[in-house]
Amino acid sequence: MSMPHVMFYAPHITNEDIGAVPDLNVHSSLLNPFIDRQGNAEQSYVIQMTGEAEKAGILANEKVLVNELCAYRAILCLAHKKH
């Protein structure tokens, strides 16, 4: 699975502070910014997923690297399936 995103350091910030109501079980909620590890000073980040066009561009630009990683270790393949 590929999930290109941008992260902004946000110590002590919560989803409530930015008006986010993330539901990680619903794909549409990931289109809006949300906080990972809320309220934690060392590891709290606002996460913004990229749009579909930007995601496609990133994957196209990094295709060679992804293929090299996949050749190095199968578990690094985007199409890797658990057995």
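Residues are numbered from 1 along each chain as its sequence is written. In this predicted model, local features need pLDDT of at least 70, side-chain atom pairs count only at pLDDT 80 or more, totals for chains, interfaces and linings use all residues, and side-chain values use heavy atoms, with hydrogens and water left out.

**Exercise 1. The overall layout**

Work out which elements the protein has and in what order they run.

Solution. Start with the DSSP runs, numbered from the N terminus: helices are H or I with at least four residues, strands are E with at least two. This gives three helices and three strands. Reading on from the N terminus, the order is β-α-β-β-α-α. Next, take contacts (heavy atoms within 4.5 Å). Among those between residues at least 6 apart in sequence, 49% join residues at least 24 apart.

**Exercise 2. The surface**

Solution. Accessible areas use the Shrake-Rupley method with a 1.4 Å probe, and for residues only the protein chains shown count as cover. Now apply the classes: buried is under 20% relative accessible area, exposed is over 50%, and partly exposed lies in between (1.4 Å probe, protein chains only).

For a nonpolar patch, join nonpolar side chains (Val, Leu, Ile, Met, Phe, Trp, Tyr) within 5 Å, using residues with over 30% relative accessible area and no salt bridge; the latter is a side-chain nitrogen of Lys or Arg within 4 Å of a carboxyl oxygen of Asp or Glu. Leu 65, Leu 69, Tyr 72, Ile 75 and Leu 76 form such a patch, with about 510 Å² of accessible area together. Tyr 72 belongs to helix H3 (residues 63-72) and is exposed, at 59%.

**Exercise 3. The disulfide**

Identify the cysteines that form the disulfide and describe their link.

Solution. Look for cysteine sulfur atoms within 2.5 Å. The structure holds one disulfide, formed by Cys 70 and Cys 77 with sulfur atoms 1.8 Å apart. Their link is right-handed, with 85 degrees about the S-S bond. Cys 70 is partly exposed at 28% relative accessible area, whereas Cys 77 counts as buried at 16%.

**Exercise 4. A loop residue**

Is Thr 50 buried or exposed?

Solution. First locate Thr 50: the loop between strand E3 (45-49) and helix H2 (52-61). Its relative accessibility is 11%, so Thr 50 counts as buried. Beyond neighbours within four places in sequence, Thr 50 contacts Pro 4, His 5, Lys 55 and Ile 58.

Terms used:
Patches are made of residues with over 30% relative accessible area and no salt bridge: like charges are joined within 9 Å, nonpolar side chains (Val, Leu, Ile, Met, Phe, Trp, Tyr) within 5 Å.
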